[in-house]
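Biologist: I am new to this entry and would like to go through it piece by piece. Could you put it on the screen?

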Amino acid sequence: MLKVLDPGRWDFATAAHLLNRAGFGGTPDEIQRLVALGPAKAVSSLVDVERIPDPTPNPSWARPDPERLQRLAALRQASPEQRQQMQREEQQLQRERLLELRGWWLERMAKGPRPLQEKMTLFWHRHFATSFQKVRDAYYMWRQNDLFRRFGLGNWTRLLVEVGKDPAMLIWLDQAQSRRQHPNENFARELMELFTLGEGHYTEKDVTEAARALTGWSLNRQTQEFVYRRAFHDNGVKTILGRTGNFDGDDVIRILVAQPQAALFITAKLWTFFAGESPSPELNQALADVFRRNGNEFKPLLRALFLSEEFYSPHLIRQQVKSPVQWLAGSVRMLERDLPPAQVCANLLRTLGQDLFAPPNVKGWDEGFAWISTSTLLARYNYSALLAEGVMAAGEMANRPRAMAAGRRMANRARAGRTGAVDVRKILTDEERRDKTLLLGALQKRLLQSNLKPKQERALREYLESKGDLDDDEIRGAMRLIMSTPEYQLT
Amino acid sequence: MKTEPTLQTRREFLRSTVLTSALSWTVPGFLANTFASLQAQAADSATQIATGRDSTILVILQMAGGNDGLNTVVPFANDYYVKSRPRLALKGDQVLKLNDSLGLHPALTGFKELYDAGCMSIVQGVGYPNPNRSHFRSTEIWQTAADADRFEKYGWLGRYFDNACSGCDPTVAIHIGRQMPQAFTAKTPKGVSLENPQSYRFISSERGGGGEDMMEQSFREMNEADDAGNSGGSITAISGPGMEMRGSALDFLERTALDAQISSDTIRAVSARTQNRVTYPASQLSNSLRLVARLIGGGMPTRIYYVSQGGYDTHTNQPGTQERLLRDLGGAVQAFMNDMKAQGNLGRVLLMTFSEFGRRVAENANNGTDHGAAAPLFVFGGKVKPGLAGTHPSLAPEDLVNGDLKHTVDFRSVYAAVLEGWLKTPSEPVLGRRFEPLGLLV
């Protein structure tokens, strides 16, 4: 049984923990607002997303492309040179759209009104890790992302069926080409290993049998929609996890979700994602029970999770390594600044190891300590200059001319006082900017929701003292210094 | 050659930068022992561990995704091969022949030249019992040298660090890339990751110039793990019912911050003062090996380098993809080995490839191949026993296991050979039990 959080523990630290983990953090005012709401309403304000208007428009190209057919036909008829040229143009177009798509999603995470919905979308992107590198079509990638947003807080079976029939997934794990003569096992295997059960809870035979059942699930590249190809489907009898019948793809998913292990598997993953460490077997069972009792629906599970005593266990608070996306979106929220240009964000995330829409493999990104190496830690420290001060650390960009140009434009704008750097006057009061003790307190509360170690605070004070009367640049320098600590990498 | 410093100046350099740059700011308690022993070793010229000039170096090259071994070292004359792969089989007149029955993929001209020069060993049929066809699990098995049914917490190189390198500088192992390979996971973690030396530092945004850089100074102080924090409650292991003990996230971050600081000055200085002596092809793998060559040439005390190349998961339209990857691989490795030769370091360096598995013997319906089992791996260097090692697995249907080649060499026999013959350390404590070392080295 999950214990319910004692309302007496609801304060700035616990509310900040909720906002950091269920979303991407926020300003002291936003945290204060959650404190005032009390735990139940605070959690509801994040979980009940449909109550929050979300007017963000989709990218203009986020729809089936009626001219795609003609383009494909023209491609077939073109001479080899023309074809090469056309393929180059198509690739260029897709790359530009991918960049726009990355910026569009980051904007939703860093600025949007439904942080939990975006956090869950990020969870599902990692869970069903699909890469543009193979799909090569920005529309399909957007569509899968939109699917996670629409179904990611709903029913587990429904989500799995939607994902199984999703064009990007059909391409990514080769299901689109799987025929009864040669069933492709890629999707069937990952469906069991990575999506629903985990290793050791099925046999090789289950994989090959499920692959047979899944034949027929395919993609119509003309309509850009899922299609069931009768001629591809194996109509024979299959035996999957002890059940025998003439199964199809929907049956496979029903059989998998019915396994007790399926609830344990997905609730353990969710707990690990939100809490930052894997659950004990007892806690995992309690989470799985809540999930089962609520018909394998995610929203009641998340509500119970975010209201549980266990989630606010002191040893979890500020002990999770921020993912690069959390680091970027969270910094933008805490600093109340705009996102850097899309190209700069894309380079930043690639350098920090989390290229959105391009996970390293089907298992997605390794979380936690794996985000941090000497290389990525120094890169975080240097990119904090960009976010706080609007300046690009020079060496960081040495090998990336395009990003350098974008960074220079941003730095120029920062110098011109228009954008790029944090608006110090917006986030600090006059007193805080004048009084160094107040300033140190305000910066730590905003950026860490806790305190630096005394020695670190002394070093930061020395930096401020060396500057005499502070100008905005020097205050931004102090922000960058706080962001360039081990503590800032945790949430 | 005239720019190459003498052995003595190299040692001086390493001693002065590694030790003083670290000691110039307060060394926290948990590192004091490290530096004490380093100091002792640096002072003792007979100790080789801190002097990269003298000790052997291992470069690991990971071919991620599961390379199709049968189309890499091709049994072109084998009927089963030809029949199993109506579309994908490479023919005798296409391959770079090694003998009457085997040839290299036509894109591997770089490998062929190294083979002919006697600097390359091809270990055939490498795998392990009860092969796992999951990328992740099989990669993990290779990285941890575990049995297929057992989970090992630490990597095989991590166990080497724990056993043979206590007290080493973190740069005893360098990974070119972002995330540490699982093979480095250790009780006492070692090794640093970097992508390029220019950005491998804290870049102060202090303006104005002249005088001391206050930002840099404050940064350094704020990134020192102080003793109070270190022995205090915040660093105690997190534990709960059924959970394993581990250090806190903050502890881990503080240690990484420190490793970054210590290695940053050294690596940048070393890589900047060394030039590559050959031209490398343009690719990410080449860039990684080019940097490794500069670090070796500059005398880093590093024993292990780790680079990787991805993309070998060729379920569909394999020929074009594999051709591109192998051409890149062959060109990059050839340039690197030539660079080592030009530096006079060929005899000190061993480069070993691995991929998590080979692919099925039969091609699939999509002009590709699915996850399989045993495959060849490659070892390069001035001291390798050149030619073919091990025996090629049989392709006869009755010899296959679930359509896969049965391994003839356990990869841990290769690791054992490298550990004992090259890194000069007993292999049993690292590998958990005895594996007969393969005769790889002269």
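Modeller: Two strands pair if DSSP finds at least two bridges between them. Strands (E, at least two residues) and helices (H or I, at least four) are DSSP runs, numbered from the N terminus. This is a predicted model, in which local features need pLDDT of at least 70 and side-chain atom pairs count only at pLDDT 80 or more, while totals for chains, interfaces and linings use all residues. Residues are numbered from 1 along each chain as its sequence is written, and chains are lettered from A and ligands numbered from 1 in the order in which they are written.

Biologist: In which sense do strand 1 and strand 2 of chain A pair, parallel or antiparallel?

Modeller: Strand 1 covers residues 217-220 and strand 2 covers residues 225-228. They form a hairpin with 4 residues between them, and Gln224(A) in the turn has a positive phi of about 60°. Asn220(A) has Glu225(A) as its bridge partner in strand 2 of chain A. The 4 bridges between the two strands of chain A are antiparallel.

Biologist: What radius of gyration does chain A have?

Modeller: The radius is taken over C-alpha atoms, and the globule rule is 2.2 Å times the number of residues to the power 0.38. The C-alpha atoms of chain A fill a box of roughly 80 × 65 × 40 Å along the principal axes. For 491 residues a compact globule would come near 23 Å, which agrees with the value for chain A, 24 Å.

Biologist: What percentage of the residues in chain A is buried?

Modeller: A residue is buried if 20 or more other C-beta atoms, placed from the backbone, lie within 10 Å of its own, exposed if 12 or fewer, and partly exposed in between. Chain A holds 25 helices and 4 strands. Of its 491 residues, the buried part is 50%.

Biologist: Where in chain A does Asp174(A) lie?

Modeller: Phi of Asp174(A) is near 65°, a positive value in a residue other than glycine. Most residues other than glycine have a negative phi. Asp174(A) counts as buried, because it has 20 C-beta neighbours inside 10 Å. Its place is the loop between helix 10 (167-172) and helix 11 of chain A.

Biologist: And where is Gln449(A)?

Modeller: Gln449(A) has a positive phi too, near 50°. With 22 other C-beta atoms within 10 Å, Gln449(A) is buried. It sits in the loop between helix 23 (436-448) and helix 24 of chain A.

Biologist: Which helix of chain A gives the largest share of the side that touches chain B?

Modeller: The contact takes 61 residues from chain A and 50 residues from chain B. Elements giving two or more residues to the chain A side include helix 11 (186-196) and helix 15 (281-293). The largest share, 10 residues, comes from helix 19 of chain A.

Biologist: How many of the 14 residues of helix 10 of chain B are buried?

Modeller: Helix 10 (residues 284-297) of chain B reaches 20 Å from its first C-alpha to its last. Its buried residues pack against strand 1, strand 8 and strand 9 of chain B, among other elements. Helix 10 of chain B is largely enclosed by the rest of the structure, because the number of buried residues is 12 of the 14.

Methods
Two residues are in contact if their C-beta atoms, placed from the backbone, lie within 7 Å. The expected span of a helix is 1.5 Å times one less than its number of residues.
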